[in-house]
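Visitor: Hi, I'm new to this one. Could you walk me through it?
Guide: Happy to. Let's bring it up first.

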Amino acid sequence: MFRDISIGQYFPGESSVHRMDPRMKLILTFSYVVMLFIAFSGPSLLVGALFVIIAYRVAGIPVRLILRGIKPIIPIVIITGILNMFFVEGKAIFSFWVFSVSAEGVRMAVLMALRILCLIAGTALMTYTTSPIALTDGIELLFAPLGRLGAPVHEIAMMMTITLRFIPTLIEETDKIMSAQKARGGDLESGNFLQRVRALIPILIPLFVSAFRRAEELALAMECRCYHGGEGRTRMRILKFSSADVYSALFMAGCVAAVVALNRLGAALWAL
Amino acid sequence: MDIIEVRDVTFGYPAMDGAMPCAPVLRGVSVKIAKGEFVAVLGHNGSGKSTLAKHLNAILTPTRGTVLIEGIDTADESRLLDIRRRVGMVFQNPDNQIVATVVEEDVAFALENLGVPAAEIRRRVDEALNDVGMSKYARHAPHHLSGGQKQRVAIAGIIAMRPDCIVLDEPTAMLDPRGRAEVMRTLKALNKDHGITVVLITHFMDEATQAGRVVVMDDGKILYDAPPSQVFSHVEELTAAGLDVPQTTRLCYELRKAGFDLREDIISQEDCARAVARLLG
Ligand SMILES: Nc1ncnc2c1ncn2[C@@H]1O[C@H](COP(=O)(O)OP(=O)(O)OP(=O)(O)O)[C@@H](O)[C@H]1O
Ligand SMILES: [Mg+2]
């Protein structure tokens with residue numbers, strides 16, 4: 001039952017987006033999010049949408065995957081849209097009872113929906129094209145300066161690695177425990193919600209006990225392999241920026257400039 | 001020169017809050033292991049094998065007595081990494097000692113901790129994977145490997161440190177016969193070709209017979225410390241200590257008891273077959 005959970009949503013590939021330095025991908029994703037929030041006119045948001053579509057194309061990720069990522073947040077998009085439509089002040093174009101819909105509100109609703117869609121598509125692209133290990137490495141290196149100020153950057157990266165390492169092991173174990181409980185007559189699938197929650201207890205308890213035992217053994221094994229925190233640690237794989245990273249950064253800078261310019265233009269047009 | 005010198009070590013686990021102090025688990029253990037030896041450690045459950053093993057790389061330090069690793073006292077905390085780099089340790093459950101999500105990254109783990117430069121790590125990782133016959137799987141995810149393969153990855157992670165000695169605590173207990181054979185083959189090759197000292201804790205008598213020396217523990221003490229053929233000639237005493245003897249030894253023992261004339265030091269299957277064939281005329 002748990003076998004088909006996919007961890008993360010990495011789609012291995014050889015495109016130049018895949019081969020980009022994970023640090024650059026993190027930086028660009030962050031810039032992209034900022035760019036979406038400073039874009040407040042239609043044309044400038046279209047630049048944002050265009051950017052993400054081009055990025056998907058270059059990465060060779062089918063654009064329909066955007067839809068898959070978007071599906072769970074459609075209700076949020078609709079609710080924010082409705083709220084925007086009713087509560088933004090402006091010329092009323094439609095009204096009943098105490099509610100009125102303004103033209104400004106409709107514009108805001110559309111822009112906000114577009115912005116959220118781009119946001120999801122853009123951040124999803126990073127996880128589609130970056131393996132979890134590369135992502136962890138990228139995060140650790142990118143935030144290393146914070147580590148010097150005392151933030152537990154190495155520890156968090158280590159925790160992420162270990163979590164990724166143990167998810168398949170624990171899933172397998174859950175499967176085994178469930179089979180064992182079923183073999184003893186445990187009924188996991190029928191009954192009302194409360195009964196089913198209660199049926200989970202005999203699965204969760206052995207799972208936790210075993211996870212703690214594993215954690216203890218792992219800590220011991222890590223100590224035996226001279227682990228003593230992030231201090232003085234080196235890495236086998238060294239990340240390097242390549243020309244693809246430089247070009248994509250330049251492209252991003254160009255898009256941001258276009259957004260800023262079009263913001264002005266859009267505002268001027270709207271005022272007319 | 002002895003790599004490991006355990007001098008009259010007594011050890012008791014610290015008592016849980018307020019309870020009676022625990023009875024010592026090791027009671028006056030002394031043993032010396034020289035470079036290049038292959039030593040098997042036997043003993044019934046709870047006889048203190050794992051506790052002794054944990055003394056060999058300063059995971060535990062003696063309550064009384066001393067443990068010296070190439071002359072370094074394990075009680076000296078400032079030399080902790082020096083000790084752990086020299087004596088590597090492999091545990092029973094391969095799943096719980098693999099840290100990374102890719103085989104080669106896991107093998108690199110100890111070297112990264114020791115601050116070895118990247119190029120050197122790369123070289124040693126490739127070498128270690130080659131030594132355990134796992135080069136093909138360098139880029140694989142560990143959870144897709146078989147038990148024997150995972151255990152060989154764990155061994156590679158240790159030998160990448162270039163230790164002088166590996167201590168293995170029942171590394172084959174969770175493996176199928178094929179996995180066990182793989183691990184034993186790997187250990188013997190490391191011992192023979194690279195001169196790595198091996199201390200193998202095991203419950204399998206056939207593994208112990210392949211060692212150069214067998215140490216038998218019984219209730220925190222060393223009962224025997226001799227070559228396998230000599231140790232296994234004490235069939236009655238071993239049985240009393242809650243241990244098996246190899247099937248060949250058991251057969252010869254029963255035959256001897258029934259009045260046949262057989263040597264006491266037979267342990268290999270060939271020797272046993274030859275001896276029995278001779279009896280049959
Ligand atoms: N962390 C601990 N705290 C307290 N007592 C412990 C601890 N670990 C082991 N013991 C006790 O020490 C004794 C020896 O344990 P040890 O694990 O060394 O035996 P062993 O020979 O390795 O046994 P096995 O064959 O089962 O692995 C046992 O009685 C055990 O209950
Ligand atoms: Mg043990």
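Predicted model: local features only at pLDDT ≥ 70, side-chain atom pairs only at ≥ 80, totals over all residues.

Visitor: Can you show me one? Which residue does R237(A) form a salt bridge with?
Guide: The partner is D137(A), and their closest N and O atoms are 2.9 Å apart.

Visitor: And where do R237(A) and D137(A) lie in chain A?
Guide: R237(A) is in the loop between helix 10 (193-224) and helix 11 (243-271), while D137(A) belongs to helix 7 (residues 132-142), so the pair ties together parts that are 100 residues apart in sequence.

Visitor: Nice. Let's move to where the chains meet. How many residues of chain B are in contact with chain A?
Guide: On the chain B side there are 37, and they touch 29 residues of chain A.

Visitor: How much area do chain B and chain A bury between them?
Guide: About 3,100 Å², with 59% of it on carbon and sulfur atoms. N96(B), E112(B) and N113(B) stand out here: they supply 22% of the area that chain B buries against chain A, more than any other three residues.

Visitor: What about salt bridges across that interface, how many does the rule find?
Guide: Seven are found between chain B and chain A. One to look at joins the side chains of R233(A) and E112(B), at 3.2 Å from N to O.

Visitor: Which helix of chain B gives the largest share of the side that touches chain A?
Guide: That would be helix 3 of chain B, with nine residues. Helix 2 (80-86), helix 3 (103-113), helix 4 (118-131) and helix 5 (147-159) of chain B each bring at least two residues to that side. By type, the residues on the side of chain B that touches chain A are 19 nonpolar, nine polar and nine charged.

Visitor: Switching topic: what surrounds ligand 1?
Guide: Residues of chain B, including Y13(B), H44(B), K49(B), E170(B) and H203(B). The shell divides into two nonpolar, eight polar and two charged residues.

Visitor: How far is a polar side-chain atom of S50(B) from an oxygen atom of ligand 1?
Guide: The distance is 2.6 Å. For T51(B), a side-chain N or O atom is 2.5 Å from a ligand 1 oxygen, and a polar backbone atom of S47(B) is 3.2 Å from an oxygen of ligand 1.

Visitor: Last one: how much of the accessible area of ligand 1 does the protein cover?
Guide: It covers 58% of the 630 Å² that ligand 1 has on its own.

Note on methods
Residues numbered from 1 in each chain as written. Chains lettered and ligands numbered in written order. Heavy atoms only, no water. Contact = heavy atoms within 4.5 Å. Buried area = accessible area lost by both parts, 1.4 Å probe. Salt bridge = Lys/Arg side-chain N within 4 Å of Asp/Glu carboxyl O. Helix = DSSP H or I, 4+ residues; strand = E, 2+ residues; numbered from the N terminus. Nonpolar A, V, L, I, M, F, W, Y, C, P; charged D, E, K, R; others polar. Near = heavy atom within 4 Å. Polar contact = N/O pair within 3.5 Å; in protein donor to acceptor, adjacent residues only side chain to side chain. Areas by Shrake-Rupley, 256 points an atom, 1.4 Å probe, with all protein chains shown as cover.
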